[in-house]
Amino acid sequence: MRIDVVSIFPEYLAPLELSLIGKARQDGLLELNVHDLRTFTTDKHRTVDDTPYGGGAGMVMKAEPWAQALESVAAAREGSRPVLIVPSPAGEKFNQALAYELAEEEQLVFACGRYEGIDERVIDWAQEHFTVRPVSLGDYVLNGGEVAVLAMVEAIGRLLPGVVGNPESLVEESHSDGLLEYPVYTKPSAWREHDVPPILLSGNHGKIAQWRRHEQFRRTAERRPDLMEGFDAGVLSRADRQALADLGYDVVDGRLKARPGGDIEN
Ligand code: SAM
C-alpha cells in the first residue's frame, strides 16, 4: 500500500517512523510519504489560509495549494483512483470496519486540515481524481487532522499482511467481531491480593474459550450497550445464547435486545 499525507506540519507525522508502522515501512510493506502543503504555494509568505467568505471567526485553508498538492500525489500513480481521506469532525465516524475496508486500497491520501478547515470547493473538485471520504475520529474537535491521521494510519497499517507478527492477534481483538475483547492477564497469577481468574490456569481450552466469550458479552453489555444492540444474532452458538440470557439479553428478530429490568451479571 502507498500512503501520502499532506500537512502544514509534516513533523507531526514523525511517530509513523516508529514501532510496527516504522518497521513495515522499512520492510517495504508500506510506502508512506509526507508532503508539506507549503511547498505547493507560490507567494513569498507561503500562504495557506485566508479569511472566510461570509465573515466569522478563524481562517480557512486556501483551495489552490491543496489542488496543487493533491494533483502532485495523484500523478504519482497514474491510472489509479486513490481514496482521499479528509479528516473532519463532520465526517463519517472511523471504526474497525472502515479500517479493514481502507486496508484493501492501493493508495490512500490524507489531507490534514487546520484552522476552520479546507475551502469546501477542494472536496468537490477532488472527486474528479479521487474517491473522497471525509472521516471523523470521534465527536470532538482537534486542532488539526494530523492526530486523526496518526490514529487512522496505525489502525489501517496494522491490518496489512505481514505488519503484525501473529495475524491471530487481529482476529481476537476488540471490534473485530463486533464485541469488545475479553480481559487479559499475565504472570504472576497472584498479585497484590488480586488473583487471575482460576479458569485461565486450568489448562482446559474449551472452558477457557467459553469463559472468554462470556466475558466479551459481559464487558460489551456493560461498557458499550450500543454494540450489543447492533450485534448480528445469526452467528450465536447455543452456549452464546445461554450466556446472553444470563446477562439479560433476548434474541428478537435476529438482534439482541436487553430484557427490561434485566441485570448484567457480574
Ligand atoms: N471548524 C471545523 C468544524 O467545526 O467542523 C473544525 C476545524 S478543526 C479546528 C481543524 C481540523 O482538525 C479539521 O479541518 C480536521 O482536519 C481536524 N479535525 C478536528 N477534529 C477532528 C475529528 N474529530 N476527526 C478528524 N479530524 C478532525
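# Reading a predicted model, feature by feature

Modeller: Start with one pair of side chains. Those of Glu215 and Arg218 are joined by a polar contact of 2.8 Å. Keep in mind that this is a predicted model.

Colleague: Where is Glu215 placed?

Modeller: In helix α7, which spans residues 205–223.

Colleague: Is Glu215 buried or exposed?

Modeller: Read the relative accessible area. Buried means under 20%. Glu215 has 9%, so this residue is buried.

Colleague: Which residues does Glu215 contact, leaving aside neighbours within four places in sequence?

Modeller: Tyr182 and Pro183.

Colleague: Now Phe217. Where does Phe217 lie, and why is Phe217 called buried?

Modeller: Phe217 also belongs to helix α7. Its relative accessible area is 0%, so Phe217 counts as buried.

Colleague: What is Phe217 in contact with, beyond neighbours within four places in sequence?

Modeller: Take the list in order along the chain. Leu179 comes up, then Met228, Phe231 and Leu236. Asp240, Ala243, Leu244 and Leu247 complete the set.

Colleague: How many residues separate Ile123 and Arg241 in sequence, and what is their distance in space?

Modeller: They are 118 residues apart in sequence. From C-alpha to C-alpha, Ile123 and Arg241 are 46 Å apart.

Colleague: Where is Ile123, and what does Ile123 touch?

Modeller: Ile123 is in helix α4, residues 120–126. At 11% relative accessibility, Ile123 counts as buried. Not counting residues up to four places away in sequence, Ile123 touches Val86 and Val132.

Colleague: How do I read the sides of a helix?

Modeller: Begin with the general idea. An α-helix has 3.6 residues a turn, so residues three or four places apart point the same way. Now helix α1, residues 19–26. Its buried residues are Ile21, Gly22 and Ala24. They cover an arc of only 160° around the axis, which puts them on the same side of α1.

Colleague: Which residues are exposed on the other side of α1?

Modeller: Ser19 and Gln26.

Colleague: What covers the buried residues of α1?

Modeller: The cover includes α5, residues 146–157.

Colleague: What happens just after α1?

Modeller: Look at the backbone angle there. Gly28 takes a positive phi of about 80°.

Colleague: Which residues other than glycine have a positive phi?

Modeller: His175 is one of them, with phi of about 75°. His175 is in the loop between α6 and β8. At 36% relative accessibility, His175 is partly exposed. Arg192 is one of them too, with phi near 40°. Arg192 lies in the loop between β8 and β9. Its relative accessible area is 66%, so Arg192 is exposed.

Colleague: Where is there a cis peptide bond?

Modeller: Check omega. The bond that joins Lys187 and Pro188 is cis, with omega of about 5°. Pro188 is in the loop between α6 (168–171) and β8 (190–191).

Colleague: Which residues form a nonpolar patch on the surface?

Modeller: Phe9, Tyr12, Tyr140, Leu142 and Val147. Together they have about 430 Å² of accessible area. Tyr140 is in the loop between β7 (131–136) and α5. At 45% relative accessibility, Tyr140 counts as partly exposed.

Colleague: And Arg114: where is Arg114 placed, and is Arg114 buried or exposed?

Modeller: Arg114 is in the loop between β6 (107–111) and α4. With a relative accessible area of 11%, Arg114 is buried.

Colleague: Which side chain makes a polar contact with the side chain of Arg114?

Modeller: That of Glu146, at 2.9 Å.

Colleague: Which residues are in contact with Arg114, leaving aside neighbours within four places in sequence?

Modeller: Glu146 is one of them. Ile8, Phe9, Tyr12 and Met61 are on the list as well.

How values were computed. Residues are numbered from 1 along each chain as its sequence is written. This is a predicted model: local features need pLDDT of at least 70, side-chain atom pairs count only at pLDDT 80 or more; totals for chains, interfaces and linings use all residues. Side-chain values use heavy atoms; hydrogens and water are left out. Buried means under 20% relative accessible area, exposed over 50%, partly exposed in between (1.4 Å probe, protein chains only). Helices (H or I, at least four residues) and strands (E, at least two) are DSSP runs, numbered from the N terminus. The arc is that of the directions from the helix axis to the C-beta atoms. Contact means heavy atoms within 4.5 Å. A polar contact is a pair of N or O atoms within 3.5 Å; within protein, one must be able to donate a hydrogen and the other to accept it, and residues adjacent in sequence count only if both atoms are side-chain atoms. Patches are made of residues with over 30% relative accessible area and no salt bridge: like charges are joined within 9 Å, nonpolar side chains (Val, Leu, Ile, Met, Phe, Trp, Tyr) within 5 Å. Accessible areas come from the Shrake-Rupley method with a 1.4 Å probe; for residues, only the protein chains shown count as cover. A salt bridge is a side-chain nitrogen of Lys or Arg within 4 Å of a carboxyl oxygen of Asp or Glu.
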